[in-house]
Amino acid sequence: MWLGKSCNSLKPLGSYVNDLVERIKFFETWIQNGIPVIFWFSGIFFTQAFTTGAMQNYARKYTIPIDTLAFDFGFPKEQEPKERPEDGVWTRGLFFEAARWGFDTWEIEESFPKVLFQPMPLFHLFLESKAELERNTVGNSLPFPPILDCLFSAVSTPSALTKMV
């Protein structure tokens, strides 16, 4: 009955309510205090609109056609920034599946035994020209081994309450 009045979720009612309360707090803080420094990515119901907004802001700031841009990401060493980045957004709330973040090596590592999901560290979602992004990724300059490239994908359905990577 309650699911018919809300966004789709696979969570049981108790976990769903906890998530809903956190989501309301996040948006309430956003409304009362202005744009947050860190965005709770999985707390945003329609993530496509959020990322499109970030892309539009960048394109307008630099007067660049939006269709020439693509997203890239990085994991900053400072995991609790006090100010918003000059370009892009700090985001949290995504998870690794069958992997984990090694804070000692600053790379993706194998998961611990019997641990399927691990939270991702804070990451910087930023924009680059598509041509620049292609130049930077030639030769696999990504911060994780090539065998794990296939594991990095975000759940893009707007109804998903938890985004996984």
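Which residues is F75 in contact with, leaving aside its neighbours within four places in sequence? Keep that in mind while touring this predicted model.

**Stop 1: helix α1.** Select residues 13-33, which form helix α1. The helix has 21 residues and reaches 30 Å from its first C-alpha to its last, close to the 30 Å expected at 1.5 Å a residue. Now colour Y16, D19, R23 and F26, the buried residues of α1. They cover an arc of only 90° around the axis, so they lie on the same side of α1. In general, an α-helix has 3.6 residues a turn, so residues three or four places apart point the same way. Then turn to the face pointing away from the buried side, where the exposed residues N18, Q32 and N33 are found.

**Stop 2: the largest nonpolar core.** Select F50, F75, F96, W101, M120 and F123, the residues with the most contacts inside this core of 18 residues. The elements giving two or more residues to the core are β1, β4 (94-97), β5 (99-102) and β8. Here the opening question can be settled: F75 is in contact with W101, W106, M120, P121, L122 and F123, apart from neighbours within four places in sequence. A second, separate core has 5 residues, including M55, Y58, A59 and L127.

**Stop 3: E128.** Select strand β8 (residues 123-129) and find E128 in it. Is E128 buried or exposed? Its relative accessibility is 15%, so E128 counts as buried, the cut-off being under 20%. Not counting residues up to four places away in sequence, E128 touches T68, L69, A70, D72, L133 and N136.

How values were computed
Residues are numbered from 1 along each chain as its sequence is written. This is a predicted model: local features need pLDDT of at least 70, side-chain atom pairs count only at pLDDT 80 or more; totals for chains, interfaces and linings use all residues. Side-chain values use heavy atoms; hydrogens and water are left out. Helices (H or I, at least four residues) and strands (E, at least two) are DSSP runs, numbered from the N terminus. The expected span of a helix is 1.5 Å times one less than its number of residues. Buried means under 20% relative accessible area, exposed over 50%, partly exposed in between (1.4 Å probe, protein chains only). The arc is that of the directions from the helix axis to the C-beta atoms. Contact means heavy atoms within 4.5 Å. A nonpolar core is a set of buried Ala, Val, Leu, Ile, Met, Phe, Trp, Tyr and Cys residues joined through side-chain atoms within 4.5 Å.
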